[in-house]
Amino acid sequence: MKTVNVGICGLGTVGGGTFNVLTRNNIEINAKAGREITISHVGARMLNPDCDTSSTQVSDDVFSVANDPKVDILVELMGGTTVAKDLVLTAIRNGKHVVTANKALIAEFGNEIFAEAVKHKVTVSYEAAVAGGIPIIRSMREGLVANRIEWLAGIINGTGNFILTEMRDKGRAFEDVLKEAQELGYAEADPTFDVEGIDAAHKLVILASIAFGMPLQYDKVFCEGISTIKPEDVAYADELGYRIKHLGIARRRETGVELRVHPTLIPTSRLIANVDGVMNAVLVKGDAVGPTLYYGAGAGSEPTASAVISDIVHVSRLINGDDLEVNYDSTVPHLGFALDHLSDFNILPIEDVETAYYLRMSALDRPGVLSKVTQILSDAGISIEALIQKEPQDGQEHVPVILLTNCAVERQIISAIQKIEALESVAGDVIRIRVESLK
Ligand code: HSE
């Protein structure tokens, strides 16, 4: 049977891991694929000292891989959305199957790329684009196919979770942990993608499109990062029985779909609240199966390579005989739903999202102050679940007051917060973090 020739573009953290795992486990991978898989061409501007490419053709122009007639599967591991997009479209137009770990590319240009792939009857696989080594795309598209997905929530950025964990457990400074995440190869080339939630938003939009069967709509995701989280909020959350995690949440409502990434308080008793370090976890609630949880390394060289290679083997298994034809009609649709069955759901603005809230304010330590605050919330129809008032510090007139509310619509909370901030007895801004019970 003809060998499947793989062309790898990009030999950085993920490309290097893919090259090495594919080489190291070649005999076992071939046995699983039922045919030989060979790396026949590498495109990289810089070689990776951890990879022995001495017996592989190497080009510094990645387009020579996309135009190489002997390459059957082009593996795009460069990142970015400009050259990577041109490269992927060139490969598709040349009749090559594509495997990519590029979440930004899929989230922002996936609709266009998938349409082009369907036109040329090739596949585009992207298991490594979400949650690193966790096979979440395949689980949702195939394992959960019987279900109507109701919601999903995930810790889908390893760098952000690593930072929050180190800050909480070791009291380390934000910048210091971020630097370590960069050294470990977890962070994006531009780490603001990690800390401001852009990377998680890319991944969430992919998961939500597969969950609900809708076109990718990256521009509609609400996105808030972790850079404003203060150590005292982590400590107060602990005291209340919660952990702060950076979550991506997609939920079906009667009026549309919620798509949001933000720091979130989760009860410590939930498994997902205890997912620490670079680990990721995705909780998916299907109507038939109930809640399911997927856990594993969310970033890093070989965990991500594991997902990339699963796609390479998947495509190799689809390829029939020696002419490398694919029975295209029996391949799983790119987003799990047939293209002509995607629905254009309304994506709800954040003001219409319903959730509970953690509020922290600095209030004068005087009788009657708390009752004014609680009156504002009660007038807005927002009930209080818990309230802590801390002891005054030496010489301080103001004390921290922490409130947990029940579920409310975001616009009601915003209006109540404005009234609380206008009280003379409250100093500065009210800190607000969303709370999810994930029941
Ligand atoms: N920067 C990403 C993360 C890499 O930290 O999760 C994996 O997508």
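Strands β1 and β2 (residues 37-43) pair in the parallel sense over 6 bridges. Two strands count as paired if DSSP finds at least two bridges between them. Strands are DSSP runs of E of at least two residues, helices are runs of H or I of at least four, and numbering goes from the N terminus.

Before going on, the basis. This is a predicted model, in which local features need pLDDT of at least 70 and side-chain atom pairs count only at pLDDT 80 or more, while totals for chains, interfaces and linings use all residues. Residues are numbered from 1 along each chain as its sequence is written, and side-chain values use heavy atoms, with hydrogens and water left out.

Is β1 enclosed or open? 6 of the 6 residues of β1 (residues 4-9) are buried, so the strand is largely enclosed by the rest of the structure. Buried means under 20% relative accessible area, exposed means over 50%, and partly exposed is in between, using a 1.4 Å probe and protein chains only. In a regular strand, side chains alternate between the two faces of the sheet. Here V4, V6 and I8 point one way, N5, G7 and C9 point the other way, and all are buried.

C9 takes us to the cysteines. C9 has a relative accessible area of 0%, and C51 counts as buried at 9%. A search of the whole structure finds 0 disulfides, a disulfide being a pair of cysteine sulfur atoms within 2.5 Å. For C9, the nearest cysteine sulfur is that of C51, 14 Å away.

The search runs on a 1 Å grid over the protein atoms alone: a cavity is a set of points where a 1.4 Å probe fits but cannot get out, a pocket is an open set with protein on both sides within 12 Å along at least five of seven lines, and lining residues have an atom within 4 Å of a point. Grid points are joined across faces, edges and corners, and a volume is the space filled by probe spheres set on the points.

How many cavities of 30 Å³ or more are there? The search of the whole structure finds 3. The largest holds about 60 Å³ and is lined by L164, T165, M167, R168, V234, R243, I244 and K245. By class, the lining has 4 nonpolar, 1 polar and 3 charged residues. Ala, Val, Leu, Ile, Met, Phe, Trp, Tyr, Cys and Pro count as nonpolar, Asp, Glu, Lys and Arg as charged, and the others, Gly among them, as polar.

The second largest cavity holds about 40 Å³. Its lining includes N157, N161 and H246, and divides into 3 nonpolar, 4 polar and no charged residues.

Last, the second largest pocket, at about 360 Å³. Of its 20 lining residues, A356, C407, V435, E436 and S437 lie nearest its centre. β9, β15 (354-364) and β17 (398-405) are the elements that give two or more residues. Domain 2 (136-297) and domain 3 (355-435) both contribute to the lining, so the pocket lies between them; the domain bounds come from an automatic or database assignment.
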